[in-house]
Amino acid sequence: MAESNPSVLRQQWQEMKASFLRGWDLLRHRGPSQIQFWFIALAVGIAAGFAAVIFRMAITWLQATVYGTPDVNRLASFAGTLPWYFVLLIPVCGGIAVGVILHFFTPDGRVRTVADVIEGAALNDGRVEKRAGIASALCSWITLSTGGSSGREGPVVHIAAMIASWVSNLLRVDGITGRDLLGCAVAAAVSASFNAPIAGALFALEVVLRHFALHAFAPIVVASAAGTVINRLTFGDVTEFRLPGNGALQFYLELPAFLILGLVCGLVAVLMMRALFWSEDIANTVQKRLNLPHWLRPAVAGLMLGALAIGFPHIIGVGYETTSLALTGELVLREALVFAVLKVVAVSITLGGRMGGGVFSPSLMLGALTGLAFGLIATGLLPTVSGSETLYALAGMGAVAAAVLGAPISTTLIVFELTGDWQTGLAVMVSVSLSTALASRLVDRSLFLTQLERRNVHLAAGPQAYLLAMFRVQGVMRRPTDDGAADEAACVAMIEQGLYVQTTATLETALPLFDRSGVAFLPVVTLTGEDDAPVLQGALFHLDALKAYNRALAATAEEEHS
């Protein structure tokens with residue numbers, strides 16, 4: 001009996017090992033459908049939530065240290081009392097620091113944003129860059145603390161994405177699970193940053209993953225709840241903005257005004273996005289013509305911001321103080337219009353100068369100012385049938401932000417959660433729907449997707465457009481030694497005619513060539529030099545390319561509908 005114990009123990013050990021391996025395989029490949037994955041989602045959510053809270057507290061500490069203000073929530077008012085040279089030099093110093101960091105730690109001198117997270121979800125199995133991401137987080141922290149006119153949600157989302165990428169690499173999970181982990185981290189970060197659990201979960205689904213698959217919903221909600229708990233334990237259960245209690249919608253008579261407001265906000269959002277793109281292009285042109293070093297570009301932007309802040313300190317930082325003034329109706333029409341124009345200029349300088357930060361908070365401020373200006377005009381023209389102008393500010397805040405982000409659902413909810421006002425939902429929903437419908441026709445659906453389109457990353461049109469760019473010709477081609485390989489003499493003849501593709505090309509390049517030429521296969525070559533002849537490596541068959549594309553489409557459809 002005693003002699004059989006070792007064999008029994010070995011058998012039990014083999015069974016335990018096999019069970020563990022089966023569980024590990026389920027975790028890697030079918031994780032979202034397993035309860036175990038929810039615990040991982042919870043851990044990722046807690047980590048991302050703490051990262052968001054720490055980032056927010058770090059901005060508060062550095063702002064208070066640099067500007068010497070006792071209350072960072074009233075930074076704009078306090079900055080107006082400082083010596084002019086102080087207001088001018090702080091953004092310049094911040095810009096120099098940002099430029100040096102980007103020069104040494106990023107290959108292109110560009111701060112990573114939400115657009116890069118969306119690209120990572122679609123094209124890189126839910127992973128993002130880490131080295132450049134850490135540098136971008138530092139740059140955004142410095143920018144937001146030293147007068148940069150941007151928001152904190154972009155850096156927070158990318159920080160969360162880095163946490164998810166680290167966990168995904170540690171567990172060696174596949175693309176579906178990696179994307180779900182990314183969604184969990186983003187949801188928790190947004191929830192922890194804004195105390196908005198519902199909007200945080202929907203933002204991850206609507207903006208980052210760009211689908212509402214059921215398998216991703218439960219873990220993302222778990223992570224979002226974790227982020228919210230961390231926020232409330234740190235800051236208490238309070239909303240970002242406090243509204244006056246007189247915002248009442250004069251239902252039938254006033255509703256058309258909110259339809260018009262939605263169209264106005266859609267145009268304002270498009271103007272803001274166009275201004276960001278123009279500033280980027282202009283800055284690139286000026287930098288090239290003046291041969292300006294990359295590391296000086298943020299410093300020049302800081303100088304321009306500092307000069308603008310001397311007369312208009314409200315442009316400094318996130319801008320919650322000015323947004324609150326708009327939502328409470330404490331600005332006159334002239335102030336609302338001037339502040340709105342200057343905010344667009346300041347955000348364009350900040351992001352065009354590659355200083356860092358996001359666009360959500362500036363969009364909220366611009367929307368609140370636009371809505372207030374519209375409301376002051378509307379209530380002045382028809383005072384007997386109009387409600388409060390602050391209701392227009394609230395609706396405008398959601399409408400501009402939704403159009404910029406291309407996220408009508410999550411933005412509508414985040415406006416409610418930021419203000420705690422759920423009684424004016426109809427006005428906000430109407431304005432948001434019209435603004436996003438209009439803006440999405442004038443840009444590639446959103447600021448983020450348009451940014452990617454400008455980099456030749458085609459995500460706006462859906463998987464049918466970007467999946468082709470994921471397949472290298474080298475991975476689909478048949479080599480000369482493979483079964484069914486192309487005739488070598490025919491390949492040589494086609495190469496002489498200039499009809500071939502390189503091994504580094506993608507199906508996005510190859511399939512249109514098939515359509516134009518009508519051939520069954522294309523030679524695949526490598527080019528060793530300008531004067532050297534192409535070296536044949538194999539052939540890409542049209543049928544093989546279409547099969548790879550169809551399999552990718554089927555896998556994407558399965559993920560989005562599971």
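A residue counts as buried under 20% relative accessible area, as exposed over 50%, and as partly exposed in between. Leu89 has 47% relative accessibility, so it counts as partly exposed. The model is predicted, and the values here are computed from it.

Together with Trp84, Tyr85, Phe86 and Ile310, Leu89 makes a nonpolar surface patch of about 520 Å². Helix α4, residues 84-105, gives the largest share of that patch, with four residues.

Now go inside. In soluble globular proteins, nonpolar side chains tend to be buried together. Here the largest nonpolar core has 146 residues. Those with the most contacts inside this core are Val186, Ile220, Met273, Val404, Ile414, Phe448 and Leu540. Helix α16, residues 389-405, supplies the largest share of the core, 13 residues. Take Val404 as an example. Leaving aside residues up to four places away in sequence, Val404 touches Ala269, Met272, Met273, Val359, Ser363, Ser446 and Leu447.

The strands come next. Strand β2 spans residues 521-526, and five of its six residues are buried, so the strand is largely enclosed by the rest of the structure. Strand β2 pairs with β1, residues 501-502, through two bridges, and the two run parallel. In this pairing Gln502 stands opposite Val525 of β2. Strand β2 is also joined to β3, residues 535-541, by six bridges, and here the strands run antiparallel. Pro523 stands opposite Ala539 in β3.

Arg210 is not a glycine, yet its phi is positive, about 65°. Arg210 sits in the loop between α9 (197-209) and α10 (214-235). At 28% relative accessibility, Arg210 is partly exposed. Arg445 also has a positive phi, near 75°, in a residue other than glycine. Arg445 lies in the loop between α18 (425-442) and α19 (447-454).

Charged pairs complete the tour. The whole structure holds 13 salt bridges. In one of them, the side chains of Asp116 and Arg455 meet at 3.1 Å, N to O. Asp116 is buried, at 8% relative accessible area. Arg455 is partly exposed, at 31%.

Arg455 has another partner. Glu119 forms a salt bridge with Arg455, with the closest N and O atoms 4.0 Å apart. Glu119 lies in helix α5 and Arg455 in the loop between α19 and α20, so this pair ties together parts that are 336 residues apart in sequence. Glu119 is partly exposed, with a relative accessible area of 23%.

A further salt bridge joins Glu559 and Arg179, at 2.8 Å, N to O. Glu559 is in helix α24 (residues 542-560) and Arg179 in helix α8 (residues 175-194), 380 residues apart. Glu559 counts as buried, at 8% relative accessibility. Arg179 is buried too, with a relative accessible area of 14%. Finally, salt bridges that share partners join Asp108, Arg110, Arg112, Asp116, Glu119, Glu129 and Arg455 into one network.

Note on methods. Residues are numbered from 1 along each chain as its sequence is written. This is a predicted model: local features need pLDDT of at least 70, side-chain atom pairs count only at pLDDT 80 or more; totals for chains, interfaces and linings use all residues. Side-chain values use heavy atoms; hydrogens and water are left out. Patches are made of residues with over 30% relative accessible area and no salt bridge: like charges are joined within 9 Å, nonpolar side chains (Val, Leu, Ile, Met, Phe, Trp, Tyr) within 5 Å. Accessible areas come from the Shrake-Rupley method with a 1.4 Å probe; for residues, only the protein chains shown count as cover. Buried means under 20% relative accessible area, exposed over 50%, partly exposed in between (1.4 Å probe, protein chains only). A nonpolar core is a set of buried Ala, Val, Leu, Ile, Met, Phe, Trp, Tyr and Cys residues joined through side-chain atoms within 4.5 Å. Contact means heavy atoms within 4.5 Å. Two strands pair if DSSP finds at least two bridges between them.
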